[in-house]
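Hi,

Here is the structure I promised to pass on. Have a look at it first, and then read on for what turned up.

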Amino acid sequence: MPPVPDASESPRPRAAGKFLRAGASKLTVRGVSYGPFEPGAPGAPGLKEGAALAADLDAIAGLGANTVRVYEVPPRPFLDACGERGLRVLVGVPWPQHVDFTGGHALWEGCVAAVREAARALAGHPALLAFLVGNEIEATLVRWLGPTRVKRLLEELIEAGRDEDPGALFAYANYPSTEYLNPDNADFLAYNIYLERRCDYARYLRRLQNIAGDRPLLVTEFGADSLALGRAVQAEVLDWGVAETFAGGAAGIVVFAFTDEWFRGGAHVRGWDFGLVTRDRQPKPARDAVARRFAGTGTAAGALPLDRAPGISVIVCTHNGARTLGACLESLAKLDYPDFEVIVVDDGSTDATPEIAAAAAGARYLRTEHIGLSAARNLGAGAAEGEIFAYTDDDCIADEGWLRHLAAAFAAGRYAAAGGPNIAPPPTDLGEACVAAAPGAPAHVLLDDELAEHLPGCNLAVTRDAFEAVGGFRDEFRTAGDDVDFCWRLIDAGHRVGFVPGAMVWHHRRSTVKAYLKQQIGYGRAEALLIGRHPARFGQLGGARWRGAVYSGQRGALGLRSRIYRGVFGYAPFGAVYAEPDSDFFHIATSVQWALISFALLAAGAILSPPLLALGGAMALGTLFFAAREAGRAGVDRRFDGFRARALLVFLCLAQPLLRGGVRTWGAFRAGKVPRGPIWGQAFARPRRAGVWKRVGRLELWSERALGRDLLLEKTANTLRRLGWAHTVDNGWNDWDLELRRGLLWRVRLATVTEYHGDGRCLTRARFSSKPTVWALLAMVAISLACVWIAWGHPARALPCALGFAAAWSAFELRHRAAVAGMLRLVENVAEELGFDRP
């Protein structure tokens, strides 16, 4: 029997799928932020001490909280005091993230050293929850530095901390304005969220769950200002905020803040009151609201109470699944739900399945001859007594809150079917790690953050009425494809299929490469049957044409094909990254038809014609290129990642589409079924023309009077309009603020950022970049060709032509320098008029 994925007895918190666990129990974070307060001495952390600290921690524990978030690295005695009260500590590591921290090697090394020192100082402490290696790096600074670069540096900080404390959890506390800035190596996704409408908050949580992929989502700040909203509204917002967080399947929430007392930038903050208690520790109504919500949330029932718990029939179909069935049934016996039954349908097994099912307490056992997966699922539904049928596989392990999250999704009456993520357990060897990262695993397909086009049968629940309305599963699907057909028929009948992030199951992937390839062959046979039933949903090359996005569960990368919306001048409250889908070049080059043509050309070329051989070789290299690209993008468990893993992944990314596509094409051909969808599924996407912009100048402006980039940009744009200079203002999709078009030859861009150093002191940085226009490039090409034509065959003309070309280039460069100097001088004059100083 394979090991249960979350059966570790270590008391240290760890990420386990969509949740956190400590030992064998789920760890639901119920936290409040604490501090910073005025330091007792220069250089000391901004935390209370002695009797004041003890009283505060007692009050926090009295809320029912189990976590304290601090923004400075506390001493170990602070963690000791928290541990005595059953509190864990979420430690923020401060470093100068409000300035250009990449400006010098020494500055960045100091940031890395700060994380290392914090991790070393608190390594192994039992009260440590996790380290946060940063907190809300300002969006305009990320835009200035470049999000890919900042993400890479955050990942470096996480690895530095992990070197000092390998067993600790690490993450970065992000916020909506930089939604695209999520380190791939973080153990969980951490977000600070401030929304005052319940529907907006619930909708944004769903979005973040999909960004998190297969990692936990932890809300590291959520609060409401009682000074602006009133104390009654603050209590109401925090009440539904905690409730929606747990209902949304998050790993927990940290309420901001314990007290109104807050010290920042060398002064006490008086402009807002986010605390559950006042500065003199008098409770507000919000304190009681949070305490009520925190009460009992250590269990699935407490975290997600239900007004009504409909009867659910859990149906497990198995065929020779003795290796994993025991662990599956054991997990179902631990489900935290009041009204459910477990039905095991033995589809003609010849192994120890009957004995394992008989030993499972409370499970009903049905045995039949080998009739196939769909028929077995229908048999289970026929014997079920519940209002809802919840299907899972014999190689799955259900989270204890699985049914409760499904029941909550059905309670609103919006869905006919629902399901959640199926997550591969941590691999135990290199082969499992590569198979888990390879393409073709069971995955849901999402139309948006809420609705799904397809849910895998290993985590699929459906109401009895909807099941009967579409006639259940089709018996012809004996091993796979039944869930795809079922979901498509539900949607075609007008039903809604919902995705529920908290309804998680562990799903063992194939344990060997051989078993994985055999599975893909089975999927190819199933797709051949699906083509017969749904020809319009398959492209004429054979692949399924999904309307939604296939969920991978892996961390998204900021690639060349990504576009980031940041808002005008970088001020969007909700930034987002949009990755363009792969074009059909990818699907064509990895199709079996392409491979057959490549092989035919290679064979013909070896006998008849070298050009045919070269063409066939180029096509084969194209296939290899796309397979290698997919292998390079895949997320491999870091314990096994390396050259051997990537080489094996290249093979799997090459073999999977060829095997699956070949079996699918042959099966459809034999059955006389032809796909009727479009030949191409996606457009032949073109890479964005980013161009190469040369950085040609920088300017630094200092102000003691809180003057920043907003005023500078406004004044500069007005001046450009007054002078009549053609220019463009950022539309929200760019990493620059203003673009000046000087004549037909050159364009100059201005990008700015302001660093805030406290007490009204601001440093504004301006960066100038330039690029020749298309007309300039055409002119230089024309001059070059003219010089070559004039000098061709006349050596005596070579020197005059070279001198002429040099003169043209000099004039070209003079125009360039004039354009840059004009823009630089204009910004300097504007800054001087506004009262900026030069540092």
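Before the details, one term: two residues are in contact when heavy atoms of theirs lie within 4.5 Å. Also keep in mind that this is a predicted model.

With that in hand, take N210. Leaving out its neighbours within four places in sequence, N210 is in contact with L446, D448, D449, F499 and Y551. Is N210 buried or exposed? Buried counts as under 20% relative accessible area, and N210 has 16%, so it is buried. N210 belongs to helix α6, which spans residues 198-212 and lies across β9 (189-192), β10 (217-222) and β11 (252-255). Against β10, helix α6 runs at about 135 degrees.

Those strands bring us to the barrel. How many strands close into it? There are 8, in the order β4-β5-β6-β7-β8-β9-β10-β11, and the pairing is parallel. On average, neighbouring strands of this sheet are turned by 25 degrees against each other, direction ignored. As a reminder, strands of a sheet pair through backbone hydrogen bonds, either parallel or antiparallel.

Next, helix α17, residues 482-492. Why can we call this helix largely enclosed by the rest of the structure? Because 9 of its 11 residues are buried. The buried ones are D482, D483, V484, D485, F486, C487, W488, R489 and L490. After α17 comes G494, and its phi is positive, near 95 degrees.

Now the aromatic rings. The count of aromatic pairs comes to 27. One of them is F467 with F473, an edge-to-face pair with 5.9 Å centre to centre and 65 degrees between the planes. Both partners are buried: F467 has a relative accessible area of 7%, and F473 has 3%. There is also an aromatic cluster made up of Y194, F256, W262, W272 and F274.

Last, a couple of charges over rings. The charged end of K48 sits over the ring of F37, 5.0 Å from its centre. R767 lies over the face of W144, and here the distance to the ring centre is 4.0 Å.

Cheers

Technical notes
Residues numbered from 1 in each chain as written. Predicted model: local features only at pLDDT ≥ 70, side-chain atom pairs only at ≥ 80, totals over all residues. Heavy atoms only, no water. Buried < 20%, exposed > 50% of the residue type's maximum accessible area, 1.4 Å probe, protein only. Helix = DSSP H or I, 4+ residues; strand = E, 2+ residues; numbered from the N terminus. Pairing = 2+ DSSP bridges. Axes fitted to C-alpha atoms, helices over the stretch in contact; angles between N-to-C directions. Phe/Tyr/Trp six-rings, centres within 6.5 Å; stacked < 30°, edge-to-face > 60°. Lys NZ or Arg CZ within 6 Å of the ring centre and 35° of its normal.
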